[in-house]
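Visitor: I'd like to learn how to read a model like this one, feature by feature. Could you walk me through it?

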Amino acid sequence: MKLQDNYDVGIYCRLSRDDHNGTLESMSIANQRQVLIDYVKEKGWRLKECYIDDGFTGTNFERPDFKRMIRDAQAGRIDCIITKDLSRLGRNYAMTGFIHKNYGDKITIAQIAASGNVCRSKCFELFDRYMIKTPNAYLTDYRIQKSRELLNGTACTISEIALACGFQSASYFTQVFRQTLGLSPKAYRENQIKGQVIK
């Protein structure tokens, strides 16, 4: 299957009052827009629209141009959205993106919150509102998801998978896996080999 090599692009820029913290020049709307326009030109893609929300927080999606961008994407007017970083779309995108990128390492709540440029309490509030779980629970669930992929698709040992997915030890990994799915990683792998798929 041939991959798409051209796109009708919408670029999204956002600056909130919270971003006025000494890094205004690098985070400014003009800077964001120019960086994104240059990137689209470099790729040879078609710039269809620039969406700008200036002075709007990233802690919710009640932003006029964000909503307009989503409507345009749903209508097929644009088929690619580019932003300078995930925190421009929303704080929770930045924080979940940080988890997805670093789940194999030791991650603290302070690091997750910092990736979204929010305090610890706001971090918990955002996860509770949009993910319906705590940051810790989201991280654990994502690690279990990735471990299942490795159990299904590789011959890695349980210990190797545990470490690759950010668990402190194979025994702790097995304990959390069993609490989540009701069986051990070894039993899960055996069931998959036999074709007994676990949801």
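Visitor: Let's begin with N117: is N117 buried or exposed, or something in between?

Guide: The general idea is relative accessible area, computed with a 1.4 Å probe on protein chains only: under 20% is buried, over 50% is exposed, and partly exposed is in between. N117 is partly exposed, at 40%. N117 sits in the loop between α6 (109-115) and α7 (120-130); helices (H or I, at least four residues) and strands (E, at least two) are DSSP runs, numbered from the N terminus. N117 also has a positive phi of about 60 degrees, although it is not a glycine.

Visitor: What should I know about where these values come from?

Guide: This is a predicted model, where local features need pLDDT of at least 70 and side-chain atom pairs count only at pLDDT 80 or more, while totals for chains, interfaces and linings use all residues. Residues are numbered from 1 along each chain as its sequence is written, and side-chain values use heavy atoms, with hydrogens and water left out.

Visitor: How many helices and strands are there in the protein?

Guide: There are eleven helices and three strands. From the N terminus on, the elements run β-α-α-β-α-β-α-α-α-α-α-α-α-α.

Visitor: And how do I read the sheet: what is the order of its strands?

Guide: Strands of a sheet pair through backbone hydrogen bonds, either parallel or antiparallel. Two strands count as paired here if DSSP finds at least two bridges between them. This sheet is open, with the order β2-β1-β3 and parallel pairing. β2 (46-54) and β3 (80-83) stand at the edges with a single partner strand each, so one side of each has no neighbour in the sheet. The twist averages 25 degrees from one strand to the next; axes are lines fitted to C-alpha atoms, for helices over the stretch in contact, and angles run from 0 to 180 degrees between N-to-C directions. Eight bridges join β1 (residues 8-15) to β2, and R14 stands opposite D53 in β2.

Visitor: Which helices lie across β1, β2 and β3?

Guide: α2 (residues 29-43) does, running at about 160 degrees to β1. α3 (residues 64-75) does too, at about 150 degrees to β2.

Visitor: Which residues of α11 are buried?

Guide: An α-helix has 3.6 residues a turn, so residues three or four places apart point the same way. In α11 (residues 185-194), P185, Y188, R189 and N191 are buried. They cover an arc of only 160 degrees (taken from the directions from the helix axis to the C-beta atoms), which puts them on the same side of α11. On the other side, K186, I193 and K194 are exposed. The buried residues pack against α8 (135-153), α9 (158-164) and α10 (170-181), with contact meaning heavy atoms within 4.5 Å. After α11 comes G195, whose phi is positive, near 90 degrees.

Visitor: What is T96 in contact with?

Guide: T96 lies in α5 (residues 91-102) and is buried, with a relative accessible area of 8%. Leaving aside neighbours within four places in sequence, T96 is in contact with F127, M131 and Y138.

Visitor: One last thing: what share of the residues in the protein is buried?

Guide: Buried residues make up 39% of the 199 residues. As for contacts with a separation of 6 or more, residues 24 or more positions apart account for 60% of them.
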